[in-house]
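Student: I have a new model open and want to find my way around it. Can we take it step by step?

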Amino acid sequence: MRRCLAAVVMLTAAVAIAADWDELTRAGEWAFSRGDFERAEQAFQEALEATRAFPPEDPRLEISLGNLARLYEHRMRYDEAEPLYQLMLAAREARLGPDHPELLEPMAAIARTSARIGDTPTTEDSLVRWIELADATGAADPTEHWQMLALLSRTLVLQDRGGEALQSQRRAVEIAADDPAADPVGRAAAIETLAQLELLYGEPVRAEGLLDEALELRTEAGGAEAPAASLAAAAETALGAAEPELATRLAVRAVDAAEDRETRIRALTVLCDAAWLTVGRGATSPAAVLGVSAGDADVAATRARLEDLIAELDEDTVGDPALRRTTLNRLAVVTAMEGDADAAIRWQREVVTAAPGDAVDARQELVSLLMTAGRTADAADENAAVIAALEASAGPEDPRLLGPLRTQQELLSDLGRRKEARAVKKRVRRLERSLR
């Protein structure tokens with residue numbers, strides 16, 4: 001009789017706990033749906049505590065772990081969600097075995113949250129296990145399948161494992177192509193990523209065709225604004241991968257398609273960089289190359305592209321000052337190469353204006369260019385400005401003044417201004433003596 005009574009008491013207690021778990025879980029779901037996250041968290045925590053009374057393989061433990069983890073993930077508390085999803089996976093694996101399709105859900109959740117907190121080893125391990133199980137069972141949703149492969153590709157890129165990332169992204173694109181539910185814009189993004197990886201680690205010749213495929217998908221989806229940016233990004237990658245011809249083709253298409261100034265500037269920059277690789281040959285001094293490539297078609301084409309870029313930069317009120325200075329300097333060089341001294345001088349003056357921190361060096365280059373072009377009076381005026389700037393910043397005894405002073409003596413002598421030249425010569429001698 002006593003044994004029966006004890007059994008009844010235990011059964012009654014178990015029923016009560018189960019009822020409590022049901023009530024707490026429903027309360028948590030209701031509060032979660034209404035955005036009352038504090039109440040939902042408390043209810044889910046109490047429901048999880050109640051599962052201590054259940055048998056070890058009771059699936060309600062997994063439900064409670066998943067509910068609380070889902071709440072933390074929604075609240076961006078990823079470092080708290082990740083271990084709960086790991087416990088959920090362990091409990092489900094103990095109940096169902098290591099090869100059951102229902103393990104896909106917690107594996108995916110672990111991958112999501114670990115990626116958010118930068119836990120790369122856990123992210124990779126979870127993704128690899130998920131993909132292996134999905135391949136073995138065929139139970140995965142196709143969309144989730146290719147998205148997980150794409151996430152693995154990104155994870156591998158972060159670890160500088162480009163070849164493996166390329167293989168994973170290729171599979172992602174293949175599966176997405178057969179997925180009737182795939183979002184066209186999502187597929188386009190995956191294909192564009194593959195194009196970038198092909199440029200860096202695979203077969204660059206495939207990249208342009210892939211981008212055409214992505215463009216077609218975006219156009220069908222009404223997303224015509226994205227292709228130009230994608231083409232510009234691919235052009236940048238192609239140039240970095242030592243594929244200047246491909247970079248040029250992609251950049252030309254990006255310029256034609258661009259509807260915003262930022263994308264147009266990116267594409268024009270690639271065009272200019274690619275052209276500069278051909279004609280620049282490391283040149284930085286306009287004076288040193290004056291007239292060396294007169295009539296050269298490549299130099300003329302480079303000049304035209306640089307002028308297009310500077311026109312865009314001049315209209316961009318929040319542009320990149322360093323890019324503008326580089327473009328101006330290149331314009332001074334290529335116009336000098338063409339033998340157009342007036343244009344080279346004009347652009348070098350722009351360099352002086354655009355580089356206040358390096359104005360002395362830029363002005364000295366202008367002096368050299370004016371001298372080479374035979375504009376001695378202008379060179380003397382500019383060189384006087386160099387001397388004045390050095391005196392103001394470093395004092396009249398600074399050794400850097402020797403070069404400009406000697407140049408000024410030469411220029412004044414050539415101009416027949418002998419009295420001024422003698423005065424400068426005396427100053428040079430005094431400075432030389434003080435530096436001995």
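Student: What share of the accessible surface of the protein belongs to carbon and sulfur atoms?
Tutor: Keep in mind that this is a predicted model. The accessible surface comes to about 22,400 Å². The part that belongs to carbon and sulfur atoms is 51%.

Student: How many helices and how many strands does the protein have?
Tutor: Look at the secondary structure. The strand count is 0. The helix count is 20.

Student: What radius of gyration does the protein have, next to a compact globule of 436 residues?
Tutor: A compact globule of 436 residues would have a value near 22 Å. The C-alpha atoms here fill a box of roughly 130 × 50 × 40 Å along the principal axes. The radius of gyration of the protein is 35 Å.

Student: How far apart are the centres of the positive and negative side chains?
Tutor: Start with the two sets. There are 50 positive side chains and 76 negative ones. Their centres lie 10 Å apart.

Student: Which residues does Leu250 touch, not counting residues up to four places away in sequence?
Tutor: Leave out the residues up to four places away in sequence. Then Leu250 touches Glu208, Leu211, Leu231, Ala234, Ala235 and Ala238.

Student: Why does Thr302 count as buried?
Tutor: Thr302 sits in helix H14, residues 297–315. Beyond its neighbours within four places in sequence, it is in contact with Ala275, Trp276, Val279 and Val334. Buried means under 20% relative accessible area. Thr302 counts as buried because its relative accessibility is 2%.

Student: Is Arg346 buried or partly exposed?
Tutor: Arg346 lies in helix H16, residues 341–354. The relative accessible area of Arg346 is 44%, so Arg346 is partly exposed.

Student: What distance separates the C-alpha atoms of Arg346 and Asp125?
Tutor: Along the chain, Arg346 and Asp125 are 221 residues apart.

How values were computed:
Residues numbered from 1 in each chain as written. Predicted model: local features only at pLDDT ≥ 70, side-chain atom pairs only at ≥ 80, totals over all residues. Heavy atoms only, no water. Helix = DSSP H or I, 4+ residues; strand = E, 2+ residues; numbered from the N terminus. Rg over C-alpha atoms; globule rule 2.2 N^0.38 Å. Areas by Shrake-Rupley, 256 points an atom, 1.4 Å probe, with all protein chains shown as cover. Lys, Arg positive; Asp, Glu negative; His and termini not counted. Charge placed at Lys NZ, Arg CZ, Asp CG, Glu CD. Contact = heavy atoms within 4.5 Å. Buried < 20%, exposed > 50% of the residue type's maximum accessible area, 1.4 Å probe, protein only.
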